[in-house]
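Please read the points below with the model open beside them. They are intended for a student who is new to reading protein structures.

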Amino acid sequence: MVALLTLFTNPILSSPSSCFSSSSITLLLNPPIPLTTVHFSLSSVSAFHPHEWFSISKFSKASRNELKPLFPQLGLRPTKHISIQCSCINSLANLHTDIGILFPFFRELGLEDKETELVLDKNPTLALTSLDSIRARIEPMQLKHLLTTADPRFLVGFDKKVKLLLDRGVPSEKIGYVLNHVKLAKAVCLRPIEEIDRTITFFSPYGGVDLIVRRPEILNYNLESQLIPRIGFLLDLSGGDKDATGNVVRRLPMILSYTVEHLEGHVEFLRSFAGLNNQEIFKIFLVFPSVVSASKERKLRPRIEFLKQCGLDSNDIFKFLIKAPLFLGLSFDNLNYKLVFLVKIGYKYRTRDMAMAMGSVTRTSCENLRKVIWLFLSYGLSYSDIVYMSTKHPQILQYNHNSLEEKMEYLIEDMGREVGELLAFPAFLGYKLDERIKVRYEAKKKITGEGMSINKLLTVSTKRFSTKKKEKKLLHAVKNLTCDEG
């Protein structure tokens with residue numbers, strides 16, 4: 001069988017998530033290289049597996065040399081070959097379990113980190129297996145195994161402890177789930193009923209029983225030596241705000257699996273390297289608690305360094321991370337694609353504008369970003385127009401492409417305007433079409449006609465717009481009355 005390797009020359013024509021036939025593979029190159037088709041035999045790729053990557057070299061040397069200085073700043077590693085994936089298979093990143101996630105999971109099963117490392121060494125395929133699949137193999141038999149093999153002494157009072165959980169609010173239909181997701185011997189059988197009760201009471205201000213139902217593994221931890229210190233650390237960081245601390249824990253219950261030392265390490269890093277204070281760090285925890293699971297050296301340091309090189313100071317970095325916290329959590333491949341995309345359409349590296357654009361595109365998918373750029377081009381806008389608009393209003397890069405198309409069509413077809421008006425007021429694309437744009441335009445058109453400023457039409461407050469509309473209606477009525485009397 002012979003397959004076609006198609007080399008597209010425009011960044012808007014391909015994306016990591018595009019799906020083509022099994023014999024077509026798409027590769028992104030710098031424009032304006034001519035369209036090229038290379039034939040090769042699949043049988044010659046003897047080591048190819050549907051879920052693996054293979055390399056075809058010598059196609060991106062110029063592009064790689066041009067962009068090579070960009071990659072280390074975001075922790076990206078330039079390679080000597082272009083990695084290409086069978087297009088009918090989703091990104092390899094979606095198929096692999098992040099090794100870092102496995103350590104907290106195995107801690108909940110009673111394994112120390114060294115024991116987990118041994119398990120991973122002996123079972124390397126775990127890195128290719130989703131966490132849900134691993135959990136599904138382990139948990140269903142846990143309760144049955146306990147009840148059939150445990151020493152009868154361990155089961156004394158087991159029924160009373162189950163009844164306590166039910167009495168404290170665990171729904172009867174969830175009790176099996178809760179028991180199957182804890183280390184029964186440690187969390188229930190060998191733990192005094194009074195300690196279980198105290199644990200539930202302790203969590204009352206932070207989510208109570210609902211939190212335990214969502215994350216039963218909480219019951220695995222010792223109340224005095226683990227849970228109280230971890231909650232205490234977050235509470236101190238929040239300035240004593242129990243409600244805010246509860247919000248963090250509810251958003252990411254797994255945060256309680258991290259030791260106080262681990263949490264302190266991340267806070268100290270953000271304090272010393274990013275220049276943030278405790279209040280700012282806690283606010284980042286509120287919007288993106290998963291920051292505690294990001295590697296300080298592999299993810300946090302290179303990305304914050306990138307923001308510094310773009311000219312952002314500590315206050316700017318805080319504002320950036322509050323608006324675009326996913327910048328710290330997205331995969332290297334995701335950020336790599338978007339960074340290269342922005343450079344290709346004309347953004348200059350190491351500038352504040354580049355940083356703001358990166359913050360915006362972290363809140364959209366690579367596929368939607370590609371379609372947004374294609375949409376603007378299809379309406380006659382150039383790359384420089386897109387950069388100009390997105391510099392004034394970076395959010396246009398993250399808006400849904402279908403929504404943008406509806407607004408642009410209404411602007412041109414119904415309002416009779418030119419697409420060039422978006423250069424002066426790109427924020428037009430951020431207003432809701434039915435609830436703001438259409439309602440105001442139709443109301444104004446009846447009074448002042450079609451020649452109105454779209455900026456003034458949309459930016460004035462709802463209260464002021466309603467008042468001005470009433471005043472103009474009254475003035476219009478008076479003029480008509482005067483004309484009739486004349």
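1. The discussion may begin with one residue. Leaving aside neighbours within four places in sequence, D316 is in contact with G311 and R352. D316 lies in helix 17. The C-alpha atoms of D316 and R352 are separated by 9.9 Å, although these residues stand 36 places apart along the chain. Is D316 buried or exposed? D316 counts as buried because its relative accessibility is 18%, and the cut-off for that class is under 20%.

2. The mean pLDDT of the protein is 77, and 66% of its residues reach 70 or more. Over residues 481–486 the pLDDT is below 50, and this stretch has zero contacts in the model beyond near neighbours in sequence. Where pLDDT is low, the predicted coordinates should not be read in detail.

3. The overall composition comes next. The secondary structure comes to 26 helices and five strands. The protein has 486 residues, and buried residues make up 44% of them. Among contacts between residues at least 6 apart in sequence, 72% join residues at least 24 apart. The protein exposes about 25100 Å², of which carbon and sulfur atoms supply 55%.

4. D316 also belongs to a pocket lining. Which residues line the second largest pocket? The lining consists of D316, K319, F320, K323, A324, R352, M356, G359, S360, R363, P394 and Q395. Helix 17 and helix 19 each supply at least two residues of this lining. The volume of the second largest pocket is about 250 Å³.

5. Two loop residues deserve attention. R350 is placed in the loop between helix 18 (332–345) and helix 19. Its phi is near 60°, a positive value in a residue other than glycine. R350 counts as partly exposed because its relative accessibility is 45%. T362 is placed in the loop between helix 19 (352–361) and helix 20 (366–378). With a relative accessible area of 3%, T362 is buried. Apart from neighbours within four places in sequence, T362 is in contact with A324, L326, F327, L330, L335 and K338.

6. Helix 15 spans residues 278–287, and its buried residues are E280, I281, F282, I284 and F285. An α-helix has 3.6 residues a turn, so residues three or four places apart point the same way. What covers the buried residues of helix 15? The cover includes helix 12 (223–237), helix 13 (242–251), helix 14 (260–272) and helix 17 (314–323). At the start of helix 15, a side-chain oxygen of N277 comes to within 3.1 Å of the backbone nitrogen of Q279.

7. At the start of helix 13, a side-chain oxygen of D241 lies within 3.1 Å of the backbone nitrogen of D243.

Notes: Residues are numbered from 1 along each chain as its sequence is written. This is a predicted model: local features need pLDDT of at least 70, side-chain atom pairs count only at pLDDT 80 or more; totals for chains, interfaces and linings use all residues. Side-chain values use heavy atoms; hydrogens and water are left out. Buried means under 20% relative accessible area, exposed over 50%, partly exposed in between (1.4 Å probe, protein chains only). Helices (H or I, at least four residues) and strands (E, at least two) are DSSP runs, numbered from the N terminus. Contact means heavy atoms within 4.5 Å. A polar contact is a pair of N or O atoms within 3.5 Å; within protein, one must be able to donate a hydrogen and the other to accept it, and residues adjacent in sequence count only if both atoms are side-chain atoms. Accessible areas come from the Shrake-Rupley method with a 1.4 Å probe; for residues, only the protein chains shown count as cover. pLDDT is the predictor's confidence in each residue, from 0 to 100. On a 1 Å grid over the protein atoms alone, a cavity is a set of points where a 1.4 Å probe fits but cannot get out, and a pocket is an open set with protein on both sides within 12 Å along at least five of seven lines; lining residues have an atom within 4 Å of a point. Grid points are joined across faces, edges and corners, and a volume is the space filled by probe spheres set on the points.
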